[in-house]
Amino acid sequence: MQVENVKKIGNGKPYIAFVGGTHGDELTGIEVVKKMESFLEEKEIVKGTVFLIIANPEAVKQKKRFIDEDLNRVFHLNFSDPEAVKNINWWGGESPNNLKPKKKLNYERKRALDLSEILSMQDFVFDIHSTIQKGKSFVLLFDEKKQKKLAELFKPDFLVSTEKIFGKHRERSKIFTIDRFVSLHGGVGITIETGWKEDVSKVEKVFSSCKEILDFLEVTEPKNRQQSLFDMPSPSDDSEVKLAQKRSITPLVEVYEEKISCTGYFHWSQSWKNLEKIPKGTVIGTDGDRKMVLEKDSFIIFPKVNPTKGGRICLLGA
Ligand SMILES: [Zn+2]
């Protein structure tokens, strides 16, 4: 099946997809996918197939997050069954107050349906995002065993794991994000958050990580399989090496709580950055007239601007 804004390069397994523009205003992922396209025109693929995907082309064109609905919340479990698609009950969303009980296929739902066939057959999918709030780069994990090693190749500031609170398979609804949709179909789906969406200085770094991923998965032939003797540390450098190795381990933040607004009138006490570390006892905001106090030193993750009643305020990790 030919799908618009999807480029396929190579043949056979493994299938690897790089996805940009799932949210149309997150430029880093879009630029990285474009750079991968030029790169793969020159570079020989020795094994497997690479798919380059601009997930939400209309939103990219309009420089908007989405047209009708968040594309990263509409991948439905029943996509593989055309009869079931007609009868999808689209409201199984994340938060009861955001539910839209329409059966109509809007732009994003149609696009998700078109992409679902390609995404569900992938072995690895790297969905490149940026955050609305300023802050650090991170990779989200929900299945550490499968995802951690690949995630570390992106050299993010943090790895953020939701495995403990949401589990490997989150079955609260039938509608999934791209990473979880891929994982439900047996692949490894990874969401990379490259930092603030207005900051495009990370394009080169993320691009080179994507190339490293292809080397790691042996899709491309790395430049230097053999290490040069001159790169080897001399014996006296031992402590330096250990230090460098230690530094290269990405800190892991474990999400321990999802904060939900009970009132729909939530106000932050200040504008927190994504993945900002906040000390125990801090009042991070008020929900109605109730103060929200941190019970331990915590990282704030995905702080929402105007959470709805019953909707997510943020995640807390430690
Ligand atoms: Zn995004």
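Mentor: Eleven strands form an open sheet of mixed pairing, in the order 1-3-2-5-9-6-7-10-16-15-12. Two strands are said to pair if DSSP finds at least two bridges between them. The model is a predicted one, in which local features need pLDDT of at least 70 and side-chain atom pairs count only at pLDDT 80 or more, while totals for chains, interfaces and linings use all residues. Residues are numbered from 1 along each chain as its sequence is written. Helices (H or I, at least four residues) and strands (E, at least two) are DSSP runs, numbered from the N terminus.

At the edges of this sheet are strand 1 (6-11) and strand 12 (277-278), each of which pairs on one side only. Within the sheet, strand 6 (residues 138-141) and strand 9 (residues 188-196) pair in the antiparallel sense over three bridges. In this region Leu 140 stands opposite Thr 191 of strand 9.

Helix 1 lies across strand 1, strand 2 (15-20), strand 3 (48-54), strand 5 (124-131) and strand 9. Its direction is at about 135° to strand 2; axes are lines fitted to C-alpha atoms, for helices over the stretch in contact, and angles run from 0 to 180 degrees between N-to-C directions.

Helix 1 (residues 27-42) also meets helix 8 (residues 203-216): their axes come within 9 Å and cross at roughly 50°. Helix 1 and helix 8 are therefore oblique to each other (angles under 35 degrees count as roughly parallel, over 145 as roughly antiparallel, 65 to 115 as roughly perpendicular and the rest as oblique). Their crossing is right-handed, a term used if the near helix is turned clockwise from the far one by less than a right angle. Helix 1 brings Thr 28, Glu 31, Val 32, Lys 35, Met 36 and Phe 39 to the contact, and helix 8 brings Val 203, Val 206, Phe 207, Cys 210 and Lys 211. Two residues are in contact if their C-beta atoms, placed from the backbone, lie within 7 Å. The residues of this contact divide into seven nonpolar, one polar and three charged. Here Ala, Val, Leu, Ile, Met, Phe, Trp, Tyr, Cys and Pro count as nonpolar, Asp, Glu, Lys and Arg as charged, and the others, Gly among them, as polar.

There is also an open sheet of three strands, in the order 11-13-14, with antiparallel pairing. Strand 11 (266-268) and strand 14 (290-293) are at its edges with a single partner strand each, so one side of each is left without a neighbour in the sheet. On average, neighbouring strands of this sheet are turned by 25° against each other, direction ignored. Strand 11 is joined to strand 13 by three bridges, and His 267 stands opposite Thr 286 in strand 13. On strand 14, Lys 291 is the residue opposite Thr 286. Four bridges join strand 13 (residues 283-287) to strand 14, where Val 283 stands opposite Val 293.
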